[in-house]
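User: I am new to this structure and would like to learn how to read its features one at a time. Please give the general idea first and then the case at hand.

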Amino acid sequence: MAKHLHIISFNVPFPANYGGVIDVFHKIRWLHEVGIKVHLHCFHYGRNEAKKLEQYCESVHYYPRRSFLSNFSELPYIVNSRRHPALLQRLLQDEYPILFEGLHCCYLMNHESLKGRMKIFRESNIEHEYYEALLKNEAKWWKKFYFKFEAYRLQKFESVLAHANQIVTVSEKDAEYFKQKFTKNKVTNIPSFHENDFVTTELGKGDFILFHGNLSVVENSEAAKFLIEKVAIKSNYKFIIAGLNPSSELKECIQKAAKKNITLVENPNDETMNKLMHSAHIHFLYTHQTTGLKLKLINSLYKGKFVLLNDKMLHGVDVGNECIIANDENSFVQKIDELMLKNFMPEQLEQRNEWVKTKFNNEQNCEKLLSLIYS
């Protein structure tokens with residue numbers, strides 16, 4: 001007998017080209033692969049309906065986000081703006097388990113009509129900590145106020161997760177946080193799903209250092225500026241910054257850089273981005289925020305040669321000997337100088353292959369998720 005599952009997504013998860021939607025889309029892809037009938041519910045904004053999702057889902061439903069007026073509520077804006085009466089009506093048509101993707105989608109988590117249903121919460125960030133980190137990096141006073149108020153509301157709203165049967169986190173560090181707040185045996189760590197089903201790293205050498213990510217996100221934009229202003233200026237090697245929607249401020253920062261060893265690749269398509277990731281000699285990963293699991297880390301390990309990062313990128317994730325760590329500008333420059341002289345060798349590729357099998361394996365993680373939902 002076929003197994004069915006409702007998934008409530010904070011946005012349309014295709015194209016899978018940034019953070020959380022990558023996890024959602026490739027989770028759906030693998031659930032379909034093992035025969036689960038997925039009923040997908042998407043709150044969409046800034047994205048079109050995606051026919052591709054029908055290839056993997058039994059049904060797909062779209063709901064508009066509510067207006068900015070949803071901010072005038074005790075509920076967090078990211079939650080209050082994602083509620084629609086049609087969603088509850090559809091959920092009540094059957095008794096299938098419900099997977100809530102992120103705190104954003106948990107408006108119905110404690111609804112009386114869903115009492116007794118299997119409810120799974122999928123964490124992508126400890127949201128109030130994420131908003132507090134955004135607050136620290138924001139200059140505009142009105143955005144600072146919004147981030148502070150939203151962080152307060154999110155921390156208060158988090159108690160709704162007591163109504164979840166299972167809490168599934170993206171990192172061990174986040175799992176420890178939720179185990180302290182809720183019943184320990186209902187918290188499980190399953191890393192993010194991703195596009196890579198096997199390692200495609202190329203041997204040998206590249207001639208540039210790559211920084212990639214969604215450049216419209218403040219966290220990534222600030223990290224790119226650190227690379228430009230603190231690291232690239234002290235290096236004689238070539239750097240490429242590639243990603244979605246870079247701000248005019250970031251473009252100006254690149255144009256004004258004292259050294260002209262930085263190239264911006266704006267809104268690359270999948271083919272271009274894959275080529276860059278495979279060709280780069282070093283993947284440069286940096287963050288000011290210790291929140292969530294960085295999907296760019298997984299992609300870099302599956303596609304890249306050497307991965308150079310600061311310890312905040314790891315956020316409690318064990319990467320063994322697969323990454324090189326530096327935490328200040330001089331250490332980054334020194335490591336770059338050392339790594340650019342090395343080849344990525346066959347024995348390193350073999351080690352990488354063996355390591356990812358035990359950490360970020362989509363098939364194993366899908367089986368783990370299913371055991372939680374249908375046990």
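User: In what order do the six strands of the open sheet stand, and is the pairing parallel or antiparallel?

Analyst: Strands of a sheet pair through backbone hydrogen bonds, in either a parallel or an antiparallel way. Here the order is β10-β9-β8-β11-β12-β13, and the pairing is parallel. The edge strands, β10 (262–266) and β13 (324–325), each pair on one side only. Strands are DSSP runs of E with at least two residues, helices are runs of H or I with at least four, and both are numbered from the N terminus. Two strands count as paired if DSSP finds at least two bridges between them. This is a predicted model, where local features need pLDDT of at least 70 and side-chain atom pairs count only at pLDDT 80 or more, while totals for chains, interfaces and linings use all residues. Residues are numbered from 1 along each chain as its sequence is written, and side-chain values use heavy atoms, with hydrogens and water left out.

User: How many bridges join β8 to β9, and which residue is the bridge partner of H212?

Analyst: Seven bridges join these two parallel strands, and H212 has A242 in β9 as its bridge partner. On to β10: strand β9 (residues 238–244) is joined to β10 by five bridges, again in parallel. In that pairing I241 has L264 of β10 as its partner.

User: How many of the seven residues of β9 are buried?

Analyst: Buried means under 20% relative accessible area, exposed means over 50%, and partly exposed is in between, with a 1.4 Å probe and protein chains only. In β9 five of the seven residues are buried, so the strand is largely enclosed by the rest of the structure.

User: Which way do the side chains of strand β11 point?

Analyst: In a regular strand, side chains alternate between the two faces of the sheet. In β11 (residues 282–285), I282 and F284 point one way and H283 and L285 the other, and all are buried. H283 has L210 opposite it, in a sheet where β8 and β11 pair in parallel over two bridges. H283 also stands opposite V307 in β12; four bridges join β11 to β12 (residues 306–309), and the two run parallel.

User: What is the order of the seven strands in the other open sheet?

Analyst: That sheet runs β3-β2-β1-β4-β5-β6-β7, with parallel pairing. At its edges are β3 (59–64) and β7, each with a single partner strand, so one side of each is left without a neighbour in the sheet. On average, neighbouring strands are turned by 20° against each other, direction ignored. Within this sheet, β5 (residues 119–122) and β6 (residues 166–169) pair in parallel over three bridges. One of the partners is F121, which meets I167 in β6.

User: Which helix lies across β5, β6 and β7?

Analyst: Helix α6 (residues 172–181) does, running at about 175° to β7. Such angles run from 0 to 180 degrees between N-to-C directions, and the axes are lines fitted to C-alpha atoms, for helices over the stretch in contact. Contact means heavy atoms within 4.5 Å.

User: How many salt bridges does the structure hold?

Analyst: A salt bridge is a side-chain nitrogen of Lys or Arg within 4 Å of a carboxyl oxygen of Asp or Glu. The structure holds 17 of them. One joins K303 and E195, whose closest N and O atoms are 2.7 Å apart. This pair links distant parts of the chain, 108 residues apart: K303 is in helix α10 (residues 295–303), and E195 is in the loop between β7 (187–189) and β8 (208–214). K303 counts as buried at 4% relative accessibility, whereas E195 is partly exposed at 34%.

User: Where do E222 and K225 lie?

Analyst: Both are in helix α7 (residues 218–231), three residues apart, about one turn of the helix. E222 is partly exposed at 24%, and K225 is buried at 10% relative accessibility. Elsewhere, salt bridges that share partners join D23, K27, E101 and R122 into one network.
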